[in-house]
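Hello,

Here is the structure I promised to pass on to you. Please open it beside this message and follow along as you read.

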Amino acid sequence: MSEIDWELRPYEASDEAAVDALLRASFDSPAEAELVVQLRKDSDAEIELVADSEGEILGYVILSRMIAPERALGLGPVATTEPHRGTGIASTLIESGLALATANDWLSVFLLGDPAFYERFGFSVDDADAFQGAFAGPYLQVAFLDEEEGPRKGEVTYAKAFARFESAD
Ligand SMILES: CC(C)(COP(=O)(O)OP(=O)(O)OC[C@H]1O[C@@H](n2cnc3c(N)ncnc32)[C@H](O)[C@@H]1OP(=O)(O)O)[C@@H](O)C(=O)NCCC(=O)NCCS
């Protein structure tokens, strides 16, 4: 791992190729890179952030609109460049994404991932248990962004670009 200076900023259209390359390098298949392209095409990409080091993209996160009982976003994919992992880039991207979602009046953020990594950001598998849908299971987690008691249950579905992942858990 190596620490260098970088800044967090919103994704811009000119980042498309660099983000695509980062996602293709970070995952075993091109599915995640293709997913992000489709989310943008479908206008489901609500928040996209990059970690920029003098023009080099070191990290990326996307939060997309979900179909849910309340205003909810799905977080992911998130990825950082291999040489700079373990230096807090993904943590900053995730925390900033959650802060932006809160500021924009989103009420909850769902994700699929390793609970050991994501619980530090406030994500809970137990809270996600009350929700049903194709993505329900041991990896579905939710972070509530407000103090409301609310119904906090029901059917949740990721944006339609995620449909190809439905059988994966
Ligand atoms: C997962 C990933 C985004 C983490 O990025 P990062 O910039 O290294 O993350 P940070 O430096 O902010 O956090 C690193 C911490 O997360 C932990 N961590 C990373 N992946 C983890 C996992 N799968 N399970 C548990 N902990 C994990 C590290 O051990 C480290 O812990 P520490 O802070 O207690 O030392 C990065 O490894 C990556 O891009 N992986 C390939 C793509 C991927 O799997 N994305 C996630 C699924 S969408």
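Sorted by class, the residues that line the largest pocket are 17 nonpolar, nine polar and four charged. Please keep in mind that this is a predicted model.

That lining is made up of 30 residues, and the ones nearest the centre of the pocket are Phe 27, Pro 77, Val 78, Leu 112 and Tyr 118. If you look for the elements that supply two or more residues to the lining, you will find α2 (31-41), β4, α3 and α4. Strand β4 gives the most, with six residues. The volume of the largest pocket comes to about 780 Å³. If you wonder how such a space is found, rolling a probe the size of a water molecule over the atoms shows where empty space is left.

Now for the ligand. Where does the ligand sit? Its place is in the largest pocket. The elements that contribute two or more residues to the shell around the ligand are β4 (72-80), α3 (89-103) and α4 (115-118). Here β4 provides the largest share, namely four residues. In total, 18 residues surround the ligand, and the closest are Val 78, Gly 86, Gly 88, Ser 91 and Asp 114. By class, this shell has nine nonpolar, six polar and three charged residues.

- Ser 91: a polar atom of its side chain lies 2.6 Å from an oxygen atom of the ligand.
- Arg 120: an N or O atom in its side chain is 3.2 Å from an oxygen atom of the ligand.

How much of the ligand does the protein bury? On its own the ligand exposes 920 Å², and the protein buries 61% of that.

Finally, two details of the backbone. Most residues other than glycine have a negative phi, and most peptide bonds are trans. With that in mind, look at the peptide bond from Gly 76 to Pro 77, which is cis, with omega near 5°. Pro 77 is located in strand β4, and this proline is also among the residues nearest the centre of the largest pocket. The other detail is Ser 43, a residue other than glycine whose phi is positive, near 60°. You can find Ser 43 in the loop between α2 and β2 (45-53).

Enjoy exploring, and write back with any questions!

Best wishes

Note on methods
Residues are numbered from 1 along each chain as its sequence is written. This is a predicted model: local features need pLDDT of at least 70, side-chain atom pairs count only at pLDDT 80 or more; totals for chains, interfaces and linings use all residues. Side-chain values use heavy atoms; hydrogens and water are left out. A residue is near a molecule or strand if one of its heavy atoms lies within 4 Å of it. A polar contact is a pair of N or O atoms within 3.5 Å; within protein, one must be able to donate a hydrogen and the other to accept it, and residues adjacent in sequence count only if both atoms are side-chain atoms. Accessible areas come from the Shrake-Rupley method with a 1.4 Å probe; for residues, only the protein chains shown count as cover. On a 1 Å grid over the protein atoms alone, a cavity is a set of points where a 1.4 Å probe fits but cannot get out, and a pocket is an open set with protein on both sides within 12 Å along at least five of seven lines; lining residues have an atom within 4 Å of a point. A molecule sits in a cavity or pocket if more than half of its atoms lie within 2 Å of its grid points. Ala, Val, Leu, Ile, Met, Phe, Trp, Tyr, Cys and Pro count as nonpolar, Asp, Glu, Lys and Arg as charged, and the others, Gly among them, as polar. Grid points are joined across faces, edges and corners, and a volume is the space filled by probe spheres set on the points.
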